[in-house]
Amino acid sequence: MSHLSVAKFGGTSVANYSAMQSCANIVIADPNTRVVVLSASAGITNLLVALANGCEEPERNKLLNEVRQIQENILTGLKDDSRVRPKIEALLANITSLAEAANLATSLALTDELISHGEMMSSLIFVEVLRELQIEATWLDVRTIVATNSHFGKAAPNDEQTRQNCDNVLKPLIERGELVITQGFIGRDEQGKTTTLGRGGSDYSAALLAEVLNAQDVLIWTDVAGIYTTDPRVVPNAQRIDTMSFSEAAEMATFGAKVLHPATLLPAVRSNIPVYVGSSKAPQEGGTWVTRNPQPRPTFRAIALRRDQTLLTLSSLNMLHAQGFLANIFTILAKHKISVDTITTSEVSVALTLDKTGSASSGASLLSEELLRELSEFCTVKVDVGLSLIALIGNELHTASGVAKRIFETLDAYNIRMISYGASTNNICLLADSDKADDIVQVLHRSLFE
């Protein structure tokens, strides 16, 4: 096998007929792309999840019509939909009966079965979009390849079995020169039931197939032309990063940047397969390569911003020379399932930031009365909300000299509430009032990147 690429197109990339055509043109333009992994068309998965949760007749019909409409809009773009329409109709009929079943009794297995229809529909239609551009492609049910355990909703792949399936089914197709169109996000357990791989599952599928095929790279086609030094909506001058490391990308994703989460690319990271991120809407604009050890590795790589942070300051004069103060605090937080982002301590107090973006609730309800009462039994508790965490991401930040000076001179005019520095070689975190966060990101970007 010569150079082999696995390409993945996300939901917005296959949202409608013209978006699908852009994807088809990308595939046609790159003879190395031999396996294409598709997400469901944008909006479909959410609708199917809602149906899987069970709902009464009028609401159910409304949701089913929305699903039908999104697919219908793509089908009408085809010059001839006679080959694919019966398949889509059959899947829609299936969705309808599964949704009726879900209204009687919901289950995780039923949910996975229902959700998988989104990827089935987008991949079947995509084969026809290619065919109308005179490209013959082979549709493959990815469940015949990706074997998983039965942890519905977040199944873990069985790598050994998946490799075997790939050798038996997928490799022969590629060796025959076929272009294979398949689905992301779904797999099959030992009982033959459909499973899903959890959030970011399509990236995971692409990376997994790349690994078992020994592919040269994974191409993630999305709606942005790569990964930027910071959010371009906050800093219009943000620059695209040409190459970055998996660990830098992980830091960025951890701090809320909407980029690849390397956890979703684990097989590629593990097998050292480079990953490219580009825009399916503007492939000519280039993108970002994420690799194990890119050169150069600049001191500063990017700035990530996470809003909606809560600062919890706990003080106790007894903390001086007292054993177990921190242990006590963390025991209470763990009991209330609170996860802590950053922490700084002094002789008599400890300051913690909590991220409420992870949970659906607001900061106030994140800290229940009960929790605050338990904490206040042995320390004074102060809660500040309306804060944002600004993370400077880079390399060997703890050994580079003059880093602190550059940052603090830049931030002279701002009140910084807390700083976490030295715990990680890859990031420095600053906590500031949310209404100043955008300004701070802008001045830091100007000073460090422009």
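Predicted model: local features only at pLDDT ≥ 70, side-chain atom pairs only at ≥ 80, totals over all residues.
**Helix 7**

Helix 7 runs over residues 201-212. Twelve of its twelve residues are buried, so the helix is largely enclosed by the rest of the structure. After the helix comes Asn214, which has a positive phi, near 50°.

In soluble globular proteins, nonpolar side chains tend to be buried together. The largest nonpolar core in this model has 102 residues, and the members that touch the most others are Phe9, Leu51 and Phe126. Helix 5 (residues 108-132) gives this core its largest share, eleven residues. Another core lies apart from it, with 21 residues, among them Val234, Val403, Ile407 and Leu448.

Leaving out residues up to four places away in sequence, Leu51 is in contact with Arg60, Leu63, Leu64, Val67, Ile95, Ala99, Ala102 and Leu114.

**Aromatic pairs**

A pair of aromatic rings is described by the distance of the centres and the angle of the planes. There are five aromatic pairs in the structure. Two of them are tabulated here.

| Pair | Centre to centre | Angle between planes | Class |
|---|---|---|---|
| Phe9 and Phe126 | 6.4 Å | 45° | tilted |
| Tyr276 and Trp289 | 5.1 Å | 55° | tilted |

Phe9 belongs to strand 1 (residues 5-9) and Phe126 to helix 5, so their pair ties together parts that are 117 residues apart in sequence. Phe9 has 0% relative accessibility and therefore counts as buried; Phe126, at 0% relative accessibility, counts as buried too.

For the second pair, Tyr276 is in strand 9 (residues 275-279) and Trp289 in strand 10 (residues 287-291), so the parts tied together are 13 residues apart in sequence. Tyr276 has a relative accessible area of 11%, which makes it buried, because the cut-off for burial is under 20%. Trp289 has a relative accessible area of 30% and is partly exposed.

Both tabulated pairs belong to one cluster: ring pairs link Phe9, Phe126, Trp221, Tyr276 and Trp289.

Key. Residues numbered from 1 in each chain as written. Heavy atoms only, no water. Helix = DSSP H or I, 4+ residues; strand = E, 2+ residues; numbered from the N terminus. Expected span 1.5 Å × (residues − 1). Buried < 20%, exposed > 50% of the residue type's maximum accessible area, 1.4 Å probe, protein only. Core = buried A, V, L, I, M, F, W, Y, C linked by side-chain atoms within 4.5 Å. Contact = heavy atoms within 4.5 Å. Phe/Tyr/Trp six-rings, centres within 6.5 Å; stacked < 30°, edge-to-face > 60°.
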